[in-house]
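Visitor: Please show me how to read a few features of this model, taking each general idea before the particular case.

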Amino acid sequence: MSLPQQQSPASLLFVTGRLAEASLREEVEKIAARLGFRYEIAVPGIQVAALLHSSLLLRRLVVPDHIDRVILPGWCQGDLAPLELHFGKPFERGPRDLRDLPEHFGL
């Protein structure tokens with residue numbers, strides 16, 4: 001008789017600009033500790049997260065295979081469907097202000 005396999009925690013990729021990277025990392029670290037997910041942060045060569053566009057992400061973003069879901073800044077413009085098709089992962093817009101991430105995750 002085999003033991004049931006434990007499901008590993010979700011792996012999320014948060015995308016941001018250089019200016020918000022440290023603040024985002026600090027906020028996500030607290031949320032991940034409470035909810036038990038793994039995470040990485042990607043900065044696709046842009047200073048300000050509000051200037052991100054889905055077409056830019058198609059060219060610059062790298063999504064590792066082990067990532068389950070990608071969280072974009074709420075200000076990110078453009079259609080997310082091409083990103084999901086290209087990377088084979090679900091993409092979603094988070095809140096416009098990273099300080100609202102706990103609420104976005106139900107905390």
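**Reading the model**

Guide: Just after helix H1, Gly 36 takes a positive phi of about 80°. Helices (H or I, at least four residues) and strands (E, at least two) are DSSP runs, numbered from the N terminus. This is a predicted model, in which local features need pLDDT of at least 70 and side-chain atom pairs count only at pLDDT 80 or more, while totals for chains, interfaces and linings use all residues. Residues are numbered from 1 along each chain as its sequence is written, and side-chain values use heavy atoms, with hydrogens and water left out.

Visitor: How many residues does H1 have, and what does it reach from its first C-alpha to its last?

Guide: The expected span of a helix is 1.5 Å times one less than its number of residues. H1, covering residues 21–35, has 15 residues and reaches 20 Å, close to the 21 Å expected.

Visitor: Which residues of H1 are buried, and which exposed residues lie on the face turned away from them?

Guide: Buried means under 20% relative accessible area, exposed over 50%, and partly exposed in between (1.4 Å probe, protein chains only). The buried residues of H1 are Leu 24, Glu 27, Val 28, Ile 31 and Ala 32. These residues cover an arc of only 135° around the axis, taken from the directions from the helix axis to the C-beta atoms, which puts them on the same side of H1. The face turned away from that buried side carries the exposed residues Ala 22, Glu 26, Ala 33 and Arg 34.

Visitor: What covers the buried residues of H1?

Guide: Contact means heavy atoms within 4.5 Å. The cover includes strand E1 (11–15), strand E2 (38–42) and helix H4 (101–104). H1 lies across E1 and E2, running at about 170° to E2, where axes are lines fitted to C-alpha atoms, for helices over the stretch in contact, and angles run from 0 to 180 degrees between N-to-C directions.

Visitor: In what order do the strands of the sheet come?

Guide: Strands of a sheet pair through backbone hydrogen bonds, either parallel or antiparallel. Two strands pair if DSSP finds at least two bridges between them. Here an open sheet of 4 strands has the order E2-E1-E3-E4, with parallel pairing. The edge strands are E2 and E4 (91–93), each of which pairs on one side only, and the twist averages 25° from one strand to the next. E1 and E3 (residues 69–72) pair in the parallel sense over 3 bridges, and the bridge partner of Leu 13 in E3 is Val 70.

Visitor: How many aromatic pairs are found in the whole structure?

Guide: A pair of aromatic rings is described by the distance of the centres and the angle of the planes. Rings of Phe, Tyr and Trp (its six-membered ring) pair if their centres lie within 6.5 Å; planes under 30 degrees apart count as stacked, over 60 as edge-to-face and the rest as tilted. The search finds 4 aromatic pairs. The rings of Phe 37 and Phe 105 have centres 5.6 Å apart and planes at 25°, so the pair is stacked. This pair links distant parts of the chain, with Phe 37 in the loop between H1 and E2 and Phe 105 in the segment after H4, 68 residues apart. The rings of Phe 87 and Phe 91 have centres 5.8 Å apart and planes at 35°, so that pair is tilted.
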